[in-house]
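Okay, everyone, thanks for coming. Let me put the structure up on the screen and we'll walk through a couple of parts of it.

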Amino acid sequence: MSTVELRDFGWRPSGRQAPTVSGVDLRIERGERVLLLGASGSGKSTLLSAMAGLLDQDLGEQTGTVLIDGHEAAQSRDRVGICFQDPQSQLVMARAGDDVAFGLENRGVPYQEIWPRVDKALSMVNFGYEHDRFVHALSGGEQQRLVLAGALAYDPSLLLLDEPTANLDPAQADAIADALGAALGGTDTTMVLVEHRISKMLPLVDRVIALNPDGTMLADGPVRTVFADHGEQLARNGVWTPDALAAPVRRSRGTGTTVLSAHHVDQRYTGADENALNDVSLDINASQLTALVGVNGSGKSTLARLLGGLTAPKAGGVYARGDLAHPRGKPLHRWRAGPLSETVGSVFQNPEQQFVTATVKEELRHRGIRAAPVSPQRADELLERLRLQHLAEANPFTLSGGEARRLSVATVLAHSPDIVILDEPTFGQDRRTWLELVQLIADLRDDGLAVVAATHDEDFIEAVSDRTVRLSGGELC
């Protein structure tokens with residue numbers, strides 16, 4: 001059991017004029033289960049990092065103190081288990097079982113206890129693979145479950161979870177909620193949970209702490225009291241309240257000409273025993289949004305990368321069609337970077353993999369050494385449209401998960417491609433930014449672009465999908 005106390009806590013990342021969070025005073029008692037709410041960019045992940053003692057004092061300016069059981073958070077890391085928003089930032093070993101065991105070994109758990117605890121943790125999160133499964137061959141959602149297993153394996157007294165179900169299919173999100181309930185049941189573990197879509201997690205918590213968009217405290221109290229007294233303000237701030245509904249954006253349902261074709265594509269990852277994709281053939285049309293759906297590990301992200309020309313298939317090929325076709329008939333993965341980015345824009349599942357400059361505005365204007373930069377007017381337009389204008393001079397790597405996702409979308413749109421490939425485009429968005437981002441994607445499709453989105457977001461599919469392609473076990477079904 002751990003007690004958490006923040007006294008007038010604030011944090012300003014280096015290079016930012018305004019703090020991410022400021023003036024936070026709160027105390028979380030041992031055994032409390034807390035839901036931390038706020039709009040995208042309000043400082044939720046910053047607070048979790050502070051509680052975990054992981055804020056790098058060389059990369060920002062801290063005010064106030066953070067105490068775990070009366071000790072500085074940085075000296076109390078052995079009490080804490082944390083699951084970050086980006087699972088890849090926590091994975092350190094090549095094989096799944098070793099990754100979970102790594103944390104136990106570092107904490108001095110006796111050898112004879114390690115593997116039974118690894119097995120128990122993997123079972124709790126429905127991991128579904130053997131110990132020797134290569135980590136790089138896992139989907140983003142599978143990596144998320146693996147990281148959560150690592151956090152649960154050593155029975156931490158303080159469990160910090162940053163959107164643990166964000167990249168999971170609905171069935172697995174339900175399973176994780178059930179697994180957390182089972183793991184916490186009968187224990188005095190203190191938990192602080194960040195989620196945007198909260199309905200599945202409300203039964204697990206007894207207290208809600210809500211932040212204003214500027215990172216100051218808005219509300220703190222029992223679940224029902226907070227939503228009854230502050231529900232309207234939370235909704236205005238963009239928070240997904242329990243009764244919030246997604247708007248039906250719609251339009252299109254049209255079918256333009258075929259602009260991209262996958263022809264009998266296979267893919268297999270190094271060290272894997274089976275293909276990630278098997279004999280997939282698929283046409284992508286202009287003026288249409290094609291949603292790639294399926295459970296975690298079904299091959300959605302693998303297919304998205306192939307459609308974007310980012311990886312070479314094991315067999316078959318992906319080709320641009322019609323006016324976009326290569327003059328020599330080359331498959332996309334053999335195109336030069338400049339022509340490829342002007343034809344097909346890809347938004348990765350992990351947005352930070354796309355960032356190469358020191359500021360948000362530079363990120364939008366960057367087009368490589370040999371290409372003319374994006375005009376300032378176009379950059380400003382995208383910053384405003386995606387609510388990033390106040391972060392123009394910020395380092396992209398200091399953004400919240402939701403802000404980073406919107407920036408990754410903006411950097412692709414700045415190139416004005418004919419085809420846009422999106423991997424989990426609505427990840428980490430509050431209700432307001434979700435609506436705005438979905439409307440922007442719908443506008444692109446209605447303007448004639450071909451859009452492909454690998455997604456678990458059922459509201460997104462209902463709002464804008466014209467065609468749904470389901471994968472299972474690496475095959476179309």
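This is a predicted model: local features need pLDDT of at least 70, side-chain atom pairs count only at pLDDT 80 or more; totals for chains, interfaces and linings use all residues.

Now look at the start of H12: a side-chain oxygen of Asp-430 comes to within 3.0 Å of the backbone nitrogen of Arg-432. After the helix you get Gly-448, with a positive phi near 110 degrees.

Which residues of H12 are buried? Among them are Trp-434, Leu-437, Val-438, Ile-441 and Leu-444. In an α-helix there are 3.6 residues a turn, so residues three or four places apart point the same way. And what do the buried residues of H12 pack against? The partners include helix H10 (376-385), helix H11 (401-413) and strand E13 (288-293), plus strand E17 (450-454).

Four strands make an open, antiparallel sheet, and the order is E2-E1-E4-E5. At the edges sit E2 (21-28) and E5 (71-72), each pairing on one side only. E5 pairs with E4 (residues 60-68) over 2 bridges, and His-71 in E5 is the bridge partner of Ile-68. Helix H1, residues 44-51, packs on this sheet and touches E1, E2 and E4. The direction of H1 makes about 120 degrees with that of E1.

Okay, over to you.

Notes:
Residues are numbered from 1 along each chain as its sequence is written. Side-chain values use heavy atoms; hydrogens and water are left out. Buried means under 20% relative accessible area, exposed over 50%, partly exposed in between (1.4 Å probe, protein chains only). Contact means heavy atoms within 4.5 Å. A polar contact is a pair of N or O atoms within 3.5 Å; within protein, one must be able to donate a hydrogen and the other to accept it, and residues adjacent in sequence count only if both atoms are side-chain atoms. Two strands pair if DSSP finds at least two bridges between them. Axes are lines fitted to C-alpha atoms, for helices over the stretch in contact, and angles run from 0 to 180 degrees between N-to-C directions.
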